[in-house]
Amino acid sequence: MASKTTLNAKNLEALGAERLAELLIEVSTGNAAAKRKLRLALAGAQSPREAAREITKRLTSIARARSFITWKNRKVLVTDLETQRRAIVEQIAPADPDEALALMWRFMALATPVFERCDDSSGTVIGIFRQACADLGHLAGKVRPDSQALADTVLDALQDNGYGQYDGLIAIMAPALGDEGLAALKSMAEELGRSPVPVPPKDQWKAVGWGPGGTTYEHEMRARERASTVAMAFKDIADAQGDVDGFIAQYDPKTRKVPQIAAEIAQRLLAVGRAGEALGFLERAELGDGMRVPLAWQDIRLQTLEALGRGEEAQAFRWDCFERTLSDSYLRAYLKRLPDFDDIEAEERAMAHAMAYPSLLASLQFFLDWPALDRAAELLVARHDEIDGDHYEYLAPAAEALSERHPLAATLVLRAMIDFTLTRSRAKRYRYAAEHLVSCARLAREIPDFGAFETHDAYVARLKEEHGRKFGFWSLTKA
């Protein structure tokens with residue numbers, strides 16, 4: 001049973017409205033974000049119209065701001081944006097979806113001015129705008145605005161998509177646009193494509209970039225952006241209309257040979273029952289290095305072969321994909337289609353292939369994912385000189401997974417990370433390296449025979465001899 005001092009809604013209600021109001025005033029003092037939330041709640045309590053007015057004021061304020069937002073103060077912006085987005089969806093939309101739709105378009109218009117002054121290396125800010133873009137579709141579905149007007153708004157938005165905030169907008173809006181709206185949007189996109197970007201007098205040309213081809217001017221860049229917008233719109237409209245040939249027509253013959261594009265075309269052809277044509281596009285793709293064949297191309301080729309009834313060829317290709325990538329999903333699919341007992345022999349052959357695979361990390365990850373911990377341990381012992389201690393994101397989980405049943409292999413992994421850290425003097429990793437050394441001491445008690453490898457005491461002695469002056473590291477250990 002929860003204590004009466006536990007922070008939950010029931011206990012807070014017991015304080016009474018007056019005391020809660022006092023606490024909220026106290027807590028929000030000096031906290032701009034909290035004050036905005038409270039003002040928004042008060043406005044919503046009066047009416048959706050008042051809440052909309054409060055949201056509009058805040059959106060205007062965000063749009064006018066000019067201070068640069070670094071990763072250090074990005075959280076405040078994220079909280080503010082998410083508060084406004086949720087208020088539109090949760091407070092305005094239920095009572096007035098028309099107003100909510102208008103506000104969400106206004107919210108989306110913030111993207112360009114926000115990104116111009118924001119460090120979004122984490123991708124959290126664009127995530128909010130992508131969600132808002134999806135919200136536009138839900139709201140438009142409720143409001144059902146005039147299809148011509150909606151098409152016009154969508155095309156305007158796509159021309160202000162410099163940060164990808166409107167990616168996927170046509171697909172999102174397709175249900176609300178309907179056939180009539182999609183046709184209108186296509187017509188307007190065609191007209192936009194035919195409209196040249198104005199070229200100013202030469203003495204007014206503004207340089208915006210330089211490259212091997214010479215200087216790039218502002219009007220040239222805008223022309224390229226417009227052409228790209230129109231081409232993307234045509235592809236998305238074709239998708240929304242189920243027009244596979246229209247989608248294909250947006251790519252020139254050379255581009256259709258790019259594996260990723262060939263896969264996208266084949267996927268659409270397969271969906272409408274044109275498997276033979278799909279395979280043709282896949283086979284004409286220029287794959288280059290066989291070790292780097294896109295997964296999308298491989299997957300759609302398998303689906304296409306199955307659709308054509310070419311099961312044996314699909315099986316051979318699954319094995320080929322596994323051999324090149326060590327992807328356990330391809331191997332599982334391959335084994336699943338084999339007769340009883342044949343799968344045991346094939347699995348053993350796959351393990352042997354993985355053991356000899358050129359990339360140690362890929363082999364290790366495969367054995368951990370399968371899982372085959374005995375094989376992972378065998379791999380690490382046999383190829384210990386290939387362990388790169390810099391790849392802690394792979395090695396730390398491996399050591400943890402192996403420590404219980406394979407302490408020697410786990411020790412070799414931990415030593416590799418320790419050696420890398422000390423040899424490269426990575427002071428920021430000293431704490432982790434010290435923890436690894438403690439783990440090695442614990443694991444040593446479970447290793448009856450180190451074989452060709454140093455005992456723990458001999459390893460520590462060597463570390464002290466080679467890195468004895470790294471006091472920052474040794475101060476963190478018990479060795």
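**The helix pair and its surroundings**

Guide: H10 and H11 are oblique to each other, a class left for angles that are neither under 35 degrees (roughly parallel), nor over 145 (roughly antiparallel), nor 65 to 115 (roughly perpendicular). This is a predicted model in which local features need pLDDT of at least 70 and side-chain atom pairs count only at pLDDT 80 or more, while totals for chains, interfaces and linings use all residues. Residues are numbered from 1 along each chain as its sequence is written, and side-chain values use heavy atoms, with hydrogens and water left out.

H10 covers residues 169–194 and H11 covers residues 218–241; they pack at an angle of about 140° with their axes 9 Å apart. An axis is a line fitted to C-alpha atoms, for helices over the stretch in contact, and the angle runs from 0 to 180 degrees between N-to-C directions. Helices (H or I, at least four residues) and strands (E, at least two) are DSSP runs numbered from the N terminus. The crossing of H10 and H11 is left-handed, that is, the near helix is turned anticlockwise from the far one by less than a right angle. From H10, the contact (heavy atoms within 4.5 Å) draws on Ile170, Ala174, Leu182, Ala183, Leu185, Lys186, Ala189, Glu190, Leu192 and Gly193. H11 contributes Arg226, Val230, Ala233, Phe234, Asp236, Ile237, Ala240 and Gln241. By class, twelve of these residues are nonpolar, two polar and four charged. Here Ala, Val, Leu, Ile, Met, Phe, Trp, Tyr, Cys and Pro count as nonpolar, Asp, Glu, Lys and Arg as charged, and the others, Gly among them, as polar.

H10 also packs against H9, at an angle of about 75° and with the axes 8 Å apart; the two helices are therefore roughly perpendicular. In H9, the residues that meet H10 include Leu150, Val154, Leu155 and Leu158. Their counterparts in H10 include Ile170, Leu185, Ala189 and Leu192. The contact of H9 with H10 holds 16 nonpolar, three polar and two charged residues. Arginine 144 is placed in the loop between helix H8 (124–143) and helix H9 (147–158). Although arginine 144 is not a glycine, its phi is positive, at about 55°.

A strand pair also deserves attention. Strand S1 (residues 207–211) and strand S2 (residues 214–217) pair in the antiparallel sense over four bridges; two strands pair if DSSP finds at least two bridges between them. The two strands form a hairpin with two residues between them. Alanine 207 has tyrosine 217 in S2 as its bridge partner, and glycine 209 stands opposite threonine 216 in S2.

Helix H15 (residues 295–307) and helix H16 (residues 311–325) have axes that come within 8 Å and cross at roughly 165°, which makes H15 roughly antiparallel to H16. Their crossing is left-handed. Among the residues that meet are Trp297, Leu302 and Leu305 in H15 and Ala314, Phe317 and Cys321 in H16. The contact of H15 with H16 has six nonpolar, three polar and five charged residues.

One further backbone feature may be noted. A cis peptide bond, with omega of about -5°, joins tryptophan 370 and proline 371. Proline 371 is in the loop between helix H19 (360–369) and helix H20 (373–382).
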